[in-house]
Amino acid sequence: MTTIALSLPSARQPRQMLSWLGVAPFFLFALLFLILPTLNIVVGAFRNPQGQVTLENLGKLLSPSIRSAFWISIELSLLTAVLGCLFGFLIAAAITLGDLPRPLRNAILTFSGVASNFAGVPLAFAFIATLGRLGFVTMLLRNWFGINLYGSGFNIVSFLGLALTYLYFQIPLMVLIITPALEGLKREWREAAESLGASGAQYWRLVALPVLWPSLLGTLALLFANAFGAVATAIALTGSSLSIAPIVLFAQIRGDVLNDPHLGYAIAFAMIVLTAIANGIYILLRMRAERWLK
Amino acid sequence: MAFLDIRHLQKSFGALRVVQDFTLGIEKGEFVSFLGPSGCGKTTVLRMVAGFETPTSGAVSIDGHDITGLPANRRKIGMVFQAYALFPNLTVADNIGFGLRVAGQGKAEIARRVGEMLELIGLPQLGSRYPFQLSGGQQQRVALARALAPRPQVLLLDEPLSALDAKIRVSLREEIRRIQRDLGITTIFVTHDQEEALSMSDRVVVMHQGIADQVGTPFEIYNRPATRFVAEFVGTLNLIDADLVDAAAGHVRLGGVPVTLGRPAPGRAGERISLALRPETVALGRDGGDIVLPGRIAEVHFLGPVLRVRVAVEGGGFISLDTFNQADRPPPSVGAPVDISMSHRDLLVLAA
Amino acid sequence: MTGKQLWSWLAVVFAGLYFLLPLVGMFDFSMRMQRGVYSFEAYRIVLADPQFQQTFGYSVALALLTIVIGILLVVPTAYFVRLRFPGLRPAIEFITLLPLVIPPIVIVFGYIRIYNTSSVLPLTGSWWGTNILLLCGYAVLSLPYMYRSVDTGLRTIDIASLTEAAQSLGAGWARILAVVILPNVFVSVLSGAFLTFAIVIGEYVFAALLNVNSFGPYMVWMGGNRAYEPSALAVVAFVITWACMGLIQLFTRFSKFSTARR
């Protein structure tokens, strides 16, 4: 079947040729606007302005300012990915396994669909209006409970503030992805485990979590990449006062800082590498975890 | 007190009563089937015994110990599900060893017992496979081995054969019965398939609308159904209207022909009552018993080993009868006049 | 109430606080422009701002065009891959997932390098070129969502039989796609379209780096220069996102209803 489908078009198969014409625009588009631009960055990272192959650009990544920008980015992405997975999992577990009223479950899923897409500039505004110096919660805490949030060292324009903001789209994304997986756990598995003498914890450790493992890992990688590439939220929230990798790259491209395009290449390349590693780890673990699926 | 004792078990979901006052004692080593249509409450009773549902009232005890309040994981009951419910992330061996593992047994002991169970179900070479690599029949064997490995006191089978092909269904039901006899384990088998229930069980409980209509050996259930429901649900049946002539003496008229039942019939003279008759107890011709009815062949179904013939009886009504296929005798032709005969002992008088 | 239910309610209540407070805060802040009273003053100012009208309209146009490009690219591809080239599936799925892996800022950086004024195809040099580039970039961003929803839609109908039936009645490929396939996956296409709309309408990075003055850059500019108006803008953006998701739900439910009645 596959071999027939992949056979090259010939004069005797005008229909086959038409089919190829049907998919050709897609590949051309992907090549021009996705693959070539990315390859250009990858190649550029290993070239100097004269076009010679070099590792010099990548070496510049080791400068303290850029290194720290990447560290903050990685920490931020990892933290929000892990916490997003954790809290998203708890919420998904509550609505799938917690005997909650059905309408509540649907409402939460719909809201997750909205919140996971409510990222970028407006989200930053919402958090400034809530946890900024004059924000709703800040004032609420001060006027009602006498707690001075900013006096205790909190600032929305900080690592913590950014993490809190990112979780607003990370958690719902996890809820959306993991809910179907949780619903895929068969009631009989739990009952079989129970009738064999297993406690709830043993069931989760030996059956449910291993079954969910691939989905959990996949979502973790996705959330990591999601946070790592988020630029708009960070820029709208912090201006450029918090130096994270995508903001540094943004500044590089704008040319307001160092005006060295090849350093920009190197930063972009490093970002691809990091998200690729996250997904690579995911694919690797998933293959191991899925021995029993395929 | 019986080994597995179920007393006055009731279960309601909201206003809906699915099980009403179910009482049954099962002896040690006995194989009992719960037979009934879907929604009759048989699975709910089973799940209450297993501990997955809490009874609204009533009690379950095993070997004299009341387990009604005990959580499922402390009941020492093995359960096999319709959809196998093998853990997909564990190998066959790990699935079978699961109960021993959570009980904290040693690796060597688990391996020994798993080997023993694989031997028992006849799949000694498949220990390292994953469930998805097995056929349905193999998966259900493994599920059986998994349920039996921790040496449960009672084995519960919830429609274990329903998801399988017809052929495997028959071979596996023989195998389940063999293993059950070998181990002498007390077993409840839930099914909606009367053939399974009749062929496998020591006793059958026919359930209908949350009530046990009849409890008895397969022979009793089939030959002396206590209610109209049991008679209709188990096996095929002719239902014949008869006019009661003398209730005490058991005289009725069947399509104008006077018949003596030989035992008293319920009702008063002049009433219509229902008589039931298994197709295999009726014969073509006049030598099948003391009752002979004239009629005409209405339909002939060739079922292979058996011919099912539908006869329009003179004076109204139809009677189906089964007769063995004989290669040298062609089936009777539709429309031909025929006499059918039966014994008055085979006529069942059903409670209304 | 069981212990399980208690924990579940607890989780939901905490989640509710975290997710609703920013919305309340945003709304509250947007109403505080006039000292001492709640008012819609910030909204009035924003909505009356010609800059807002111009950039917002621009972004709406961009979003609609992105959806058209997305449909033209994805529907025929998903269809032919399902029907004729099942072997291409892994390749297509890999490509459609790439935009989730490669950060958008990297993609737009690549555009700027490849299509700059000194390149073979100097798209960034002209107004038209820049907008085409922006649209293609948005189409790339929407690819994972668009492809997934269309492919899911195609899975639920028997496209092989539909195609053969249409062919036996004498229809050509273009007609089959437009008259037979598209209406049958219409709801899926709409889901993808609304998602795309929600993503594109407030997009910032592509627009900012390609120097296009659309709604995203406008919002950031407001954020840097005004106090209360950004919250009003955030409320507007949130309402749009909510509307898009709500419409997806509505259409999905409506389609289930119509199939159930059939």
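1. Chain B contains 8 helices and 20 strands. The model is a predicted one, and the points below should be read with that in mind. Along its principal axes, the C-alpha atoms of chain B occupy a box of roughly 75 × 50 × 35 Å. Chain B has 352 residues, of which 40% count as buried. If one takes the contacts in chain B between residues at least 6 apart in sequence, 64% of them link residues at least 24 apart.

2. Strand E1 (residues 4-13) of chain B runs antiparallel to strand E4 (residues 57-62) of chain B, and 5 bridges connect the two. Within this pairing, Gln10(B) has Ser57(B) in E4(B) as its bridge partner.

3. E4(B) has a further partner: strand E5 (residues 65-66) of chain B, joined to E4(B) by 2 bridges in the antiparallel sense. Ser61(B) is opposite Asp66(B) of E5(B). The two strands make a hairpin, with 2 residues between E4(B) and E5(B). Asp63(B) sits in the turn and has a positive phi of about 55°.

4. Further along chain B there is an open sheet of 5 strands, in the order E13-E12-E11-E14-E20, with antiparallel pairing. Its edges are strand E13 (257-260) and strand E20 (348-349) of chain B, each of which pairs on one side only. Ala276(B) lies opposite Leu348(B) of E20(B).

5. Which parts of chain B touch chain A? The contact involves 21 residues from chain B and 18 residues from chain A. On the chain B side, strand E6 (77-80) and helix H2 (92-102) each contribute at least two residues. By residue class, the side of chain B that touches chain A has 16 nonpolar, 4 polar and 1 charged.

6. Chain A has 13 helices and 0 strands, and its pattern along the sequence is accordingly α-α-α-α-α-α-α-α-α-α-α-α-α. The box filled by its C-alpha atoms, taken along the principal axes, is roughly 65 × 55 × 35 Å. The radius of gyration of chain A is 24 Å, whereas a compact globule of 294 residues would have one near 19 Å. Of the 294 residues in chain A, 45% are buried. Among contacts in chain A between residues at least 6 apart in sequence, the share joining residues at least 24 apart is 75%.

7. How do the chains meet overall? Of the 2 pairs of chains that touch, the pair with the most contacts is chains A and C. Chain B and chain C do not touch, and their nearest C-alpha atoms are 14 Å apart.

8. For chain C, the unreviewed UniProt entry annotates residues 7-27, 56-80, 92-114, 126-147, 185-212 and 232-252 as "transmembrane region". Two of these spans can be set against the model. Residues 56-80 of chain C are 100% helix and 0% strand, with end C-alpha atoms 36 Å apart. Residues 126-147 of chain C are 95% helix and 0% strand, and the end C-alpha atoms of this span lie 30 Å apart.

Notes
Residues are numbered from 1 along each chain as its sequence is written. Chains are lettered from A and ligands numbered from 1 in the order in which they are written. This is a predicted model: local features need pLDDT of at least 70, side-chain atom pairs count only at pLDDT 80 or more; totals for chains, interfaces and linings use all residues. Helices (H or I, at least four residues) and strands (E, at least two) are DSSP runs, numbered from the N terminus. A residue is buried if 20 or more other C-beta atoms lie within 10 Å of its own, exposed if 12 or fewer, and partly exposed in between; C-beta atoms are placed from the backbone. Two residues are in contact if their C-beta atoms, placed from the backbone, lie within 7 Å. Ala, Val, Leu, Ile, Met, Phe, Trp, Tyr, Cys and Pro count as nonpolar, Asp, Glu, Lys and Arg as charged, and the others, Gly among them, as polar. Two strands pair if DSSP finds at least two bridges between them. UniProt positions are given in the numbering used here, feature names are shortened, and annotations may be inferred rather than shown by experiment. The radius of gyration is taken over C-alpha atoms; the globule rule is 2.2 Å times the number of residues to the power 0.38.
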